[in-house]
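Here is a briefing on one protein chain. It runs from overall layout to local detail.

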Amino acid sequence: MSEDERTGPVHDVVIVGSGVAGLSAAVYAARADLEPLVLEGPEPGGQLTLTTEVENYLGFPEGIGGMELIQRGKAQAERFGAAFRHATVEDASFDDRPFELSLSNGETIHTRALIVASGASARWVGAENEDELMGYGVSTCATCDGAFHRGDDVLVIGGGDSAMEEALFLAKFADSVTVVHRRDELRASEVMARRALEHDDIAFRWNTELLEIHGSQDDGVTGATLISHPDGRPTEKLEAGEDVDSQAVEVGGIFYGVGHVPNTEYLEGTAVDLDSDGHLATLEGMTTETSVAGVFGAGDVMDPDYRQAITSASTGSMAALDAEQWLDERDAVADAAAVAELEADD
Ligand code: NAP
């Protein structure tokens, strides 16, 4: 931390986000004596806190709970001196240095380097009534809400690992679980797909999408209208004027597992480049640098492809190393300039 006569206290590194990427960055930055400040954001701990078992993180042959992995990571970062704040960044300005971050509590903080590790949040399907019924029987988190659906018939929307994980979890509580997927082939990894496909209590509806959700906030979800087309992606077919099959089903819960959208709203309109899907764009090559020198990206916010806990941890460590090197280089230049000034005065 230093002092700027215009802005007051200035952090060396602020990390936005406290998922596995932010925590990994915090461990590395703290060990480099940069005293990082982690702004935990609206979903402290990130997506792993909503996961059950993590089986593919190196070093845990029996698997580890997502929440436990995050708690351990936070304790590790704190041990080396990282500070954590319950705060969400609403706006960011990169016009001047140090960078300025406006928090949702009205506070403004300044930092020389920024690590963007704000992750991604669950995507919604866009079905009719989902706005009204989200949280009233429609959920993006089976581990959070699954237990409310003991004995219900439930739908899981999506064909990736998230949807398979939700279906497998819900099968413990629900009377029946039906996975609704818009194509006839799963996107999920082989092991997850096999577990769900071979599960006695999980059924699949292929080439099918959720059009409308029935129910009310008082009664919760009571059913849904599904549409199907033999060639898949029925919503697109419907929009193109083709015939689709439509069917009403009675269900007590609907769980979304249709992927995630990057949390980069606070970077929109700034000099930090985003790609067409809103992911933070990093420079070519193996780096976490972005279009603004001193801003680095880590984890799902900058990764549309891998999105694994272990790749997020890796890019988090890379971002901290990149930030450390960038700060060192700037300090070296500043030191050289100060020496030159002193020598000029001699
Ligand atoms: P994903 O792989 O992007 O899959 C999203 C699924 O939702 C796809 O099947 C997609 O259909 C479908 N979909 C997207 N938008 C839709 C819409 N509007 N309506 C209906 N369906 C829609 O996302 P994910 O499953 O969240 O997985 C993300 C990453 O996290 C992956 O790399 C995955 O391996 C990882 N992950 C791993 C685990 C684990 O190992 N335990 C658990 C969860 C996630 P299409 O297939 O037709 O595109």
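Helices and strands here are DSSP runs, of at least four residues (H or I) for a helix and at least two (E) for a strand, numbered from the N terminus. The model is predicted. Its secondary structure comes to eight helices and 20 strands. Along the principal axes, the C-alpha atoms fill a box of roughly 85 × 45 × 40 Å. Of the 346 residues, 48% count as buried.

- Helix α1 covers residues 20–31.
- Twelve residues at 1.5 Å each should span 16 Å, and the end C-alpha atoms lie 17 Å apart, so the length agrees.
- The helix is mostly covered, with ten of its twelve residues buried.
- The buried residues are V20, A21, G22, L23, S24, A25, A26, V27, A29 and A30.
- D33 sits in the loop between α1 and β3.
- D33 is exposed, at 66% relative accessibility.
- Its phi is positive, about 65 degrees, although D33 is not a glycine.

**Other backbone features**

- Most residues other than glycine have a negative phi, and most peptide bonds are trans.
- N207 has a positive phi too, near 50 degrees, and is not a glycine.
- N207 lies in the loop between β14 (202–205) and β15.
- Is N207 buried or exposed? At 11% relative accessibility, N207 counts as buried, because the cut-off is under 20%.
- The peptide bond from R97 to P98 is cis, with omega near 0 degrees.
- P98 falls in the loop between β7 (89–93) and β8 (99–103).

**Salt bridges**

- Side chains of opposite charge can pair when their charged atoms come close.
- How many salt bridges are there? The count comes to seven.
- E40 and K74 form one of them, at 3.2 Å from N to O.
- E40 lies in the loop between β3 (37–39) and β4 (53–54) and K74 in helix α2 (residues 66–79), so this pair ties together parts 34 residues apart in sequence.
- E40 is buried, at 6% relative accessibility, while K74 is partly exposed, at 26%.
- R195 pairs with E55, and their closest N and O atoms are 3.2 Å apart.
- This pair links distant parts of the chain, 140 residues apart: R195 is in helix α6 (residues 190–197), and E55 is in the loop between β4 and β5 (64–65).
- R195 is partly exposed, with a relative accessible area of 36%.
- E68 pairs with R72, with the closest N and O atoms 3.1 Å apart.
- Both E68 and R72 lie in helix α2, four residues apart, or about one turn of the helix.
- E68 is partly exposed, at 38%, and R72 is also partly exposed, at 47%.

**Charged surface patches**

- A patch of negative charge gathers D153, D175, D200, D201 and E250 on the surface.
- E250 belongs to strand β17 (residues 245–250).
- E250 is exposed, with a relative accessible area of 72%.
- Which residues gather in the patch of positive charge? They are R123, R182, R187 and R307.
- R123 is in the loop between β10 (120–122) and α3 (130–133).
- R123 counts as partly exposed, at 38% relative accessibility.

**Contacts across the sequence**

- A83 is in strand β6 (residues 83–85).
- A83 is partly exposed, at 36% relative accessibility.
- D218 lies in the loop between β15 (208–216) and β16 (220–228).
- Its C-alpha atom is separated by 9.7 Å from that of L133, and D218 and L133 are 85 residues apart along the chain.
- D218 is exposed, with a relative accessible area of 77%.

Technical notes. Residues are numbered from 1 along each chain as its sequence is written. This is a predicted model: local features need pLDDT of at least 70, side-chain atom pairs count only at pLDDT 80 or more; totals for chains, interfaces and linings use all residues. Side-chain values use heavy atoms; hydrogens and water are left out. Patches are made of residues with over 30% relative accessible area and no salt bridge: like charges are joined within 9 Å, nonpolar side chains (Val, Leu, Ile, Met, Phe, Trp, Tyr) within 5 Å. Accessible areas come from the Shrake-Rupley method with a 1.4 Å probe; for residues, only the protein chains shown count as cover. A salt bridge is a side-chain nitrogen of Lys or Arg within 4 Å of a carboxyl oxygen of Asp or Glu. Lys and Arg count as positive and Asp and Glu as negative; His and the chain ends are not counted. The place of a charge is taken as NZ of Lys, CZ of Arg, CG of Asp or CD of Glu. Buried means under 20% relative accessible area, exposed over 50%, partly exposed in between (1.4 Å probe, protein chains only). The expected span of a helix is 1.5 Å times one less than its number of residues.
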